[in-house]
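Let's take a friendly walk through a protein model. Have a look at the sequence and the fold, then read on.

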Amino acid sequence: ISPEQIRQNFAETAFFYPTLQTNEEGDVFVNFTLPESNTTWKLQMLANTKDLKYLYPALIPPVLDGRIVSLALTAAGTLGDIGKAGLDISSPGHVAFPADGAARNVLDPGRMEASARFEGDFRDMAFLEALLPALRRRIAIPDRIRLRGTAGANKGAFSAASTLSADGGEIALQGRLDTRSEAYGIELRCDSFPLNSFLPADSLG
C-alpha cells in the first residue's frame, strides 16, 4: 500500500498567462499544474484581435479581413457544478452577444439541472452577403437583427426557446425533449415577420 500523499501546493492561482501565442496552425496549448487545494475553480479568458484571420487564417474569407472581434469567457464552480458561466462575443458596430448560465450535476446527465440565456444584437451585417455568392442577388440582411433566448435541462428533460426580431416583426421557436418519456414538442410562431427583408426577390409580401 502506497503512503498517503501530503498536499503541499496551495497556490490560489493555478495559472496566469497575460499573453498566448498560436503555433503555425493557429492552435494554442496551455499546460499547468493544478493546486492540490482546489475544490472549486474559476476561469477567465479574453481574446481581442484586430483581424479575425489571425485566429484561423485558413477559415477566414477576405470579406472578414480587418474585422475586430473580442471574446470573453468566464466560469466558476467545481467539476460537478458550474456555479456561473459567461460568454461575451463582440465586434464594434456589428455584434454584441452576451450569454450566461449555470449547471448542477454536470457529470450525471440524468440528474443534471442547467439554465442558460443569451441575447444578441447584430447591426450593419450586409457585408456577410459576400459569403453567399450564389444567393447574393436574392438574399438581403436587415440593418438590425435581435436574437434572444433561453435553454435549460431538468433531470433528463431539455428545453429551448428563442426569438429573432427584425424590422418590427419576429419569429419565435420553442422546443422540449424529455428523454425519460421519449416525448418531444416544438412550436414555431411568426408575428409580422418581414420575409421581404431577407428574401426580397422571392417574398410574397
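This is a predicted model: local features need pLDDT of at least 70, side-chain atom pairs count only at pLDDT 80 or more; totals for chains, interfaces and linings use all residues.

Residues are numbered from 1 along each chain as its sequence is written, and side-chain values use heavy atoms, with hydrogens and water left out.

**The whole chain**

The protein chain has 1 helix and 9 strands; both are DSSP runs numbered from the N terminus, with at least four residues (H or I) for a helix and at least two (E) for a strand. Along the sequence the pattern reads β-β-β-β-β-β-β-β-β-α. How many of the 205 residues count as buried? The share is 20%, where buried means under 20% relative accessible area, exposed means over 50% and partly exposed is in between (1.4 Å probe, protein chains only). The chain exposes about 15100 Å², and carbon and sulfur atoms supply 56% of that; such areas come from the Shrake-Rupley method with a 1.4 Å probe, and for residues only the protein chains shown count as cover.

**Strands side by side**

Strands pair if DSSP finds at least two bridges between them. Strand S7 (residues 157-166) runs antiparallel to strand S8 (residues 169-178), joined by 10 bridges. S8 is also antiparallel to strand S9 (residues 183-191), this time with 9 bridges. Arg176 in S8 stands opposite Ser159, and its bridge partner in S9 is Gly185. Both pairs of strands make hairpins: S7 and S8 have 2 residues between them, with Asp167 in the turn at a positive phi of about 50°, while S8 and S9 have 4 residues between them, with Glu182 at a positive phi near 55°.

**A trio of rings**

The whole structure holds 2 aromatic pairs. Rings of Phe, Tyr and Trp (its six-membered ring) pair if their centres lie within 6.5 Å; planes under 30 degrees apart are stacked, over 60 edge-to-face, and the rest tilted.

| Pair | Centres apart | Plane angle | Type |
|---|---|---|---|
| Phe97 and Phe118 | 6.0 Å | 25° | stacked |
| Phe97 and Phe122 | 6.4 Å | 40° | tilted |

Phe97 sits in strand S4 and Phe122 in strand S5, so their pair ties together parts 25 residues apart in sequence. Phe97, Phe118 and Phe122 form one aromatic cluster.

**Some single residues**

Thr150 lies in strand S6 (residues 144-154) and is partly exposed because its relative accessibility is 42%. Leaving aside neighbours within four places in sequence, Thr150 is in contact (heavy atoms within 4.5 Å) with residues including Phe118, Ser159 and Ala161. Thr150 and Ala161 are 11 residues apart in sequence, yet their C-alpha atoms are 5.4 Å apart in space.

Asn105 is in the loop between strand S4 (95-104) and strand S5 (113-123). Is it buried or exposed? Asn105 counts as buried, because its relative accessibility is 17%. Setting aside neighbours within four places in sequence, its contacts include Gly80, Asp81 and Arg111.

Finally, Val28 lies in the segment before strand S1 (41-49) and counts as partly exposed, at 39% relative accessibility.
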